[in-house]
Amino acid sequence: MTRIAFIGLGNMGGPMAANLVRAGHSLTGFDLSHDTLKAAEATGVKPASILSEALANAEVAITMLPKGQHVISVWSDILRAPAKNMLIIDCSTVDVESARQAHAMARQAGCLSLDAPVSGGTGGAAAGTLTFMAGGSPESFAQAKPLLEAMGKRIVHCGEDGAGQAAKICNNMILGISMIGVCEAFALAEKLGLSHQALFDVASTSSGQCWSLTTYCPVPGPVPASPANNGYKPGFAAALMLKDLKLAQEAASASGAVTPLGAEAAQLFALFEKRGNGNRDFSAIIEMFREVI
Ligand code: NAD
């Protein structure tokens with residue numbers, strides 16, 4: 001049993017904390033939203049009215065927050081008077097620079113740290129089947145692994161500080177680009193009078209095969225569980241895809257990487273969001289390719 005402070009109990013953090021409680025750990029939670037904290041209490045998380053109350057006696061702190069600026073601010077507070085040898089794990093998706101800065105702050109305070117963003121969405125968080133991509137020292141990873149296993153089914157140590165965030169944005173840049181490619185192909189097939197099923201049957205067993213087609217097909221029919229069959233209810237919201245594509249672009253310009261298709265994908269998802277689609281599944285972007293943009 002580990003005493004854990006869990007900070008940020010929203011759509012992802014709430015069910016992740018609940019899985020840690022289910023695994024037998026002692027959780028104290030903090031969130032700026034009173035309603036969110038109340039919902040977490042119902043799953044067995046002890047609510048704290050201020051951050052320092054959540055941290056009292058904690059051996060491990062886990063953060064699941066919107067952006068890098070929130071992580072830096074909360075980690076600064078945690079590290080003001082850290083427990084000795086505390087392990088801090090950030091599961092949020094943030095920019096690589098903020099992740100590295102957070103690690104440096106933790107190291108200076110004598111704490112172990114891990115960046116461990118996830119994929120798998122709210123469904124994976126609830127089911128405990130998330131994939132964790134971790135960055136940090138081997139010692140931090142070894143200590144965090146049993147806790148991550150209570151929330152996920154695949155835990156990958158990607159390398160040193162920030163490597164988890166790097167893996168996350170590279171993967172999601174592939175996803176954003178490949179979904180656009182699959183959507184364009186279906187929109188073209190429609191113009192050519194080719195049925196969705198015929199394109200799927202050929203491409204899913206040919207060189208066009210990819211996850212965006214075979215698991216997450218953006219038209220209804222060929223893959224019954226994909227959001228296209230459910231009015232494009234997310235799933236993975238277009239606003240979150242845009243967030244990750246912007247992080248990839250920031251990282252590309254900071255590192256001098258050449259990512260023209262990543263840049264184009266970010267532009268297209270920005271346009272899609274501007275048209276009021278941020279809360280729809282990202283595969284609904286196919287609708288934009290049926291029009292003249
Ligand atoms: P969310 O907005 O539902 O939850 C974030 C929570 O953090 C909110 O409850 C908010 O009140 C709280 N918060 C913000 N600042 C705080 C502070 N200073 N102190 C305490 N609490 C604070 O967001 P989410 O969907 O749970 O996403 C969390 C992170 O996970 C994001 O970085 C997101 O990109 C990433 N992510 C989300 C998904 C998804 O499908 N939702 C999938 C993968 C990764």
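Me: Among contacts in the protein chain between residues at least 6 apart in sequence, what percentage join residues at least 24 apart?
Reply: The model is a predicted one. Contact here means heavy atoms within 4.5 Å. Counting contacts between residues at least 6 apart in sequence, the share that joins residues at least 24 apart is 62%.

Me: How does the radius of gyration of the protein chain relate to the globule rule, and what is its value?
Reply: The protein chain holds 13 helices and nine strands. For 293 residues the globule rule gives 19 Å, and the chain comes close to that, so it is as compact as a globular protein of that length. The radius of gyration is 20 Å.

Me: What part of the residues of the protein chain counts as buried?
Reply: A residue is buried when its relative accessible area is under 20%. Applied to the 293 residues of the protein chain, this gives a buried share of 51%.

Me: Which share of the accessible surface belongs to carbon and sulfur atoms?
Reply: The accessible surface of the protein chain is about 13,400 Å² in total. The part that belongs to carbon and sulfur atoms is 56%.

Me: How far apart do the C-alpha centres of domain 1 and domain 2 lie?
Reply: Domain 1 covers 3-160 and domain 2 covers 166-289. Ten residues of domain 1 touch eight residues of domain 2, taking contact as heavy atoms within 4.5 Å. The distance between the C-alpha centres of the two domains is 29 Å.

Methods: Residues numbered from 1 in each chain as written. Predicted model: local features only at pLDDT ≥ 70, side-chain atom pairs only at ≥ 80, totals over all residues. Heavy atoms only, no water. Helix = DSSP H or I, 4+ residues; strand = E, 2+ residues; numbered from the N terminus. Rg over C-alpha atoms; globule rule 2.2 N^0.38 Å. Buried < 20%, exposed > 50% of the residue type's maximum accessible area, 1.4 Å probe, protein only. Areas by Shrake-Rupley, 256 points an atom, 1.4 Å probe, with all protein chains shown as cover. Domains from an automatic or database assignment.
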